Amino acid sequence: MTGGAGGDGSNVSDAGDVLAALFDVRGKVALVTGGASGLGYAFASILADCGAVVIVADRDAERLGKAVSSLAAGGGDRVRPAEIDVGDGPAVEAAVDGIVGDRGRIDIVFANAGVARGTPPLVPSGSIDAFGWDDYNGLIDVNLHGVVHTARAAAKHMKRQRSGSIVVTASTAGLRNDPFVPYSYAIAKVGVVNPTVGPVVLPLGSPQSILGSGISMIMVRSCPGCEG
Ligand SMILES: NC(=O)c1ccc[n+]([C@@H]2O[C@H](COP(=O)([O-])OP(=O)(O)OC[C@H]3O[C@@H](n4cnc5c(N)ncnc54)[C@H](O)[C@@H]3O)[C@@H](O)[C@H]2O)c1
């Protein structure tokens, strides 16, 4: 044991060492989808600040260019852009394969890209018998299938590496009913919560764990201003 005891009898330095090791991302290769804006930009920024190689993926080329310029000011050449539409499965797989080809591995993936489309059930045009299929399908392609495409493409390499972390940005809309949220959004977030929270409560590497490998999948439940 090193260091002094905390007020609760714990060893402060040891706890700090464990935390530092757990969150040490120096030299790790990370992909953040939807990284040009909002939460994804914040994830990319903290990863770059903490020493990770960060591939910022987004489908909005202009926004992506600005985001990477801004992030590169802190992270130098460790921040790279990737113009990807996560709704396009083969393109996502090719991009992830390309990252592994360039960098040798992929350690961390934030499957974060998401959109808000359509109207909620509280509005007549958002009711179950009236919502628009274009909005519905457009959202599901990104918020549900985009997460599956991203996790699948990364898991192939993480399984071989026997390590890796996949972080999915979910929502309270996936955990409880919310009449202010379109059906498509709620369905997509329920869809990403279920397969994500299951593996993380299992010991990594256990046969039940995702792919039986050392991959952890965790969920970010984000709703600024919401409780729970
Ligand atoms: N902001 C919130 O209140 C909130 C709450 C709960 C969950 N979320 C979730 O957080 C995630 C990020 O949301 P945000 O608020 O930061 O949004 P945002 O609009 O600020 O950023 C989303 C980014 O994703 C990109 N993107 C959209 N479609 C894409 C696609 N098909 N391929 C690649 N990139 C694409 C956009 O160009 C944008 O840069 C989403 O999954 C969202 O559902 C957000």
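Student: What pattern does the protein chain follow, read along the sequence?

Tutor: This is a predicted model. In it, the protein chain has 6 helices and 6 strands. Read along the sequence, these elements give the pattern α-β-α-β-α-β-α-β-α-β-α-β.

Student: What share of the residues in the protein chain is buried?

Tutor: A residue counts as buried if 20 or more other C-beta atoms lie within 10 Å of its own. The protein chain has 228 residues, and the buried share of them is 38%.

Student: Which element gives the most to the largest nonpolar core?

Tutor: The largest nonpolar core has 53 residues, and V54 and V56 touch the most other members. With 9 residues, the element that gives the most to this core is α5.

Student: How far apart are the end C-alpha atoms of helix α2?

Tutor: Helix α2 covers residues 38-49, which is 12 residues. At 1.5 Å a residue, α2 should span 16 Å. The computed distance agrees with this, and the end C-alpha atoms are apart by 17 Å.

Student: Which residues come nearest to the ligand, and which elements give two or more residues to the shell around the ligand?

Tutor: There are 27 residues around the ligand, and G34, S37, G38, L39 and G114 come nearest. The elements that give two or more residues to this shell are α2 and α5.

Student: How many residues of the shell around the ligand are polar?

Tutor: By class, the shell has 9 nonpolar and 5 charged residues. The number of polar residues in the shell is 13.

Student: Is A67 buried or exposed?

Tutor: A67 lies in helix α3. Its C-beta neighbours inside 10 Å number 23. The cut-off for a buried residue is 20 or more, so A67 counts as buried.

Student: With which residues is A67 in contact, leaving aside its neighbours within four places in sequence?

Tutor: A67 and P81 are 14 residues apart in sequence, and their C-alpha atoms are 8.8 Å apart in space. The contacts of A67, with neighbours within four places left aside, are G35, A36, Y41 and V56.

Student: Why do the buried residues of α4 line one face of the helix?

Tutor: In α4, the buried residues are V92, A95, V96 and I99. Seen down the axis of α4, they line one face because they fall within an arc of 95°.

Student: Which elements do the buried residues of α4 pack against, and which residues are exposed on the other side?

Tutor: The buried residues of α4 pack against β1, β2, β3 and α5. On the other side of α4, the exposed residues are P90, G98 and G101.

Student: Is L122 buried or exposed?

Tutor: L122 is placed in the loop between β4 and α5. It has 11 other C-beta atoms within 10 Å. A residue with 12 or fewer is exposed, so L122 is exposed.

Student: How far apart are the C-alpha atoms of L122 and P179?

Tutor: Leaving aside its neighbours within four places in sequence, L122 is in contact with P179 and F180. L122 and P179 are 57 residues apart along the chain, yet their C-alpha atoms are separated by 6.1 Å.

Conventions: Residues are numbered from 1 along each chain as its sequence is written. This is a predicted model: local features need pLDDT of at least 70, side-chain atom pairs count only at pLDDT 80 or more; totals for chains, interfaces and linings use all residues. Helices (H or I, at least four residues) and strands (E, at least two) are DSSP runs, numbered from the N terminus. The expected span of a helix is 1.5 Å times one less than its number of residues. A residue is near a molecule or strand if its C-beta atom, placed from the backbone, lies within 6 Å of it. Ala, Val, Leu, Ile, Met, Phe, Trp, Tyr, Cys and Pro count as nonpolar, Asp, Glu, Lys and Arg as charged, and the others, Gly among them, as polar. A nonpolar core is a set of buried Ala, Val, Leu, Ile, Met, Phe, Trp, Tyr and Cys residues joined through C-beta atoms within 7 Å. Two residues are in contact if their C-beta atoms, placed from the backbone, lie within 7 Å. The arc is that of the directions from the helix axis to the C-beta atoms.
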